[in-house]
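Dear colleague,

I am passing this structure on to you, and I would be glad if you could look through it alongside the notes that follow.

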Amino acid sequence: MYFYYIVLSFVFWVYLYTYSAHLKNAKSTYIFVLFFILVSGIRAPSVGGDLNHYLPSYESFGKQSWEDLFTFRTKYGYVFAILCKIAYTIDSSRQSFLFVTSIFSLIFVADFIKKYSPIPWLSIYIYVTMAFYTNTFNSVRSSIALGVGLYMMKYIINRNFIKFFICYVIALEIHQTFFPFILLYPLFAKQISVRYILICISISFLISQASTYVSFISVLAFVYDSGSYLDTGDSYTGGYSLFFLLSAMSLGFYIINRRKMTKELQLFIHCLIMASCIQAFATYYTVLTRVSMFFYITLIVLFPITLLNIGHARLRKLGYTITVILFFVYFQKFVMTPLSDYGDSNSQRTLPYKTYFVK
């Protein structure tokens, strides 16, 4: 498990190097991503809980002819099957699958950070400490869909619906839980206010508390392949914690940035409001936390933008310090802490990190 602390240390090392060498943000961002792709690609098949589902399918898709691949659609969809076929054609080993999927998971994240983050190293630090990075080890398809979602942000801002919709269909084909993302396009035009945030989140929370009686939840069971994933129960306290945290941040980011609101900020805060509304239902249906992640991933740029918008220099420096410390505490407590329910690993089953070299 200590390997992940080395990864985190690498973020600071590259930051110091690029700062002293006066490298541009784009170059430093891609240094990080290349390292992350390498770490992801050489990992053992045991690192990532869902790999035991994906690897047999990868080999099955790889052995099929292109004609069969397009004739018989599986629950994983055509796009993922094509990625598997390409990876298998390059090399039939499992490492080829890990490298190819890692590239498609991370390259869009790098582009998003390069385009929208004023402090790339901090965005990448948050990306690692909030377990977005290790989630790519586990939730392979949803991580690729998430990357496509980040790529689509520019089409929402530029109001290019055709390109947005094409990307949306591709992401939806990769993972069907991506379907709420379509709502971002019309919502972007809605003016944000404290009243709007409170009403949206409150209504979602009230409906979620009666969610046992809401029939549309059964649709989610169908969309997510199997109802067995829809774990329910009041005991899911982690869902409530994340809901209240996202709700508070939605209000906080809006209040701090409302005098310097840009199109980008408006979209990212809308994403956070959407994540809060979806997370309200995740207090009962835990799978929806993966859906809310499609939206609260924007935290990786919201924090840097907001910190720069703090006018008072000392207060801004204090904000940097608190942000770095709090995310490290989160990383240590919720990402790097083994759980007995998961065989002394974490919920993503990314502990301990092993390479394929180790037998």
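Over the ring of which residue does the charged end of arginine 73 sit? The ring is that of tyrosine 78, and the charged end of arginine 73 is 5.9 Å from its centre; a charge counts as sitting over a ring if NZ of Lys or CZ of Arg is within 6 Å of the ring centre and within 35 degrees of the ring normal. Lysine 333 likewise lies over the face of phenylalanine 334, at 5.7 Å from the ring centre.

Before you read on, please note that this is a predicted model, in which local features need pLDDT of at least 70 and side-chain atom pairs count only at pLDDT 80 or more, while totals for chains, interfaces and linings use all residues. Residues are numbered from 1 along each chain as its sequence is written, and side-chain values use heavy atoms, with hydrogens and water left out.

Salt bridges

Arginine 73 also meets the side chain of glutamate 173 in a salt bridge, at 3.2 Å from N to O, where the term stands for a side-chain nitrogen of Lys or Arg within 4 Å of a carboxyl oxygen of Asp or Glu. Because glutamate 173 lies in helix α10 (residues 161–174) and arginine 73 in the loop between α4 and α5, the pair ties together parts that are 100 residues apart in sequence; helices here are DSSP runs (H or I, at least four residues), numbered from the N terminus. Glutamate 173 counts as buried at 19% relative accessibility, whereas arginine 73 is partly exposed at 38% (buried means under 20% relative accessible area, exposed over 50%, and partly exposed in between, with a 1.4 Å probe and protein chains only).

The count comes to three salt bridges. One of them joins the side chains of aspartate 50 and arginine 290, at 3.3 Å from N to O, and it links distant parts of the chain, with aspartate 50 in the loop between α2 and α3 (51–63) and arginine 290 in helix α16 (residues 288–296), 240 residues apart. Aspartate 50 is buried, with a relative accessible area of 15%, while arginine 290 is partly exposed at 26%. Arginine 94 and glutamate 59 also meet in a salt bridge, at 3.2 Å from N to O, and this pair links helix α6 (residues 94–116) with helix α3 across 35 residues.

Aromatic pairs and cysteines

A search of the whole structure finds 47 aromatic pairs, which are rings of Phe, Tyr and Trp (its six-membered ring) with centres within 6.5 Å, called stacked if the planes are under 30 degrees apart, edge-to-face if over 60 and tilted for the rest. Among them is the edge-to-face pair of phenylalanine 10 and phenylalanine 32, at 6.3 Å centre to centre and 85° between the planes. Phenylalanine 10 lies in helix α1 (residues 3–21) and phenylalanine 32 in helix α2 (residues 25–41), so the pair ties together parts that are 22 residues apart in sequence, and both residues are buried.

The structure holds zero disulfides, a disulfide being a pair of cysteine sulfur atoms within 2.5 Å. The sulfur of cysteine 200 has its closest cysteine sulfur in cysteine 277, at 5.4 Å, which is too far for a bond.

A covered helix

Helix α17 (residues 299–308) is mostly covered, since nine of its ten residues are buried, including Leu299, Phe303, Pro304 and Thr306.

With kind regards

Terms used:
Helices (H or I, at least four residues) and strands (E, at least two) are DSSP runs, numbered from the N terminus.
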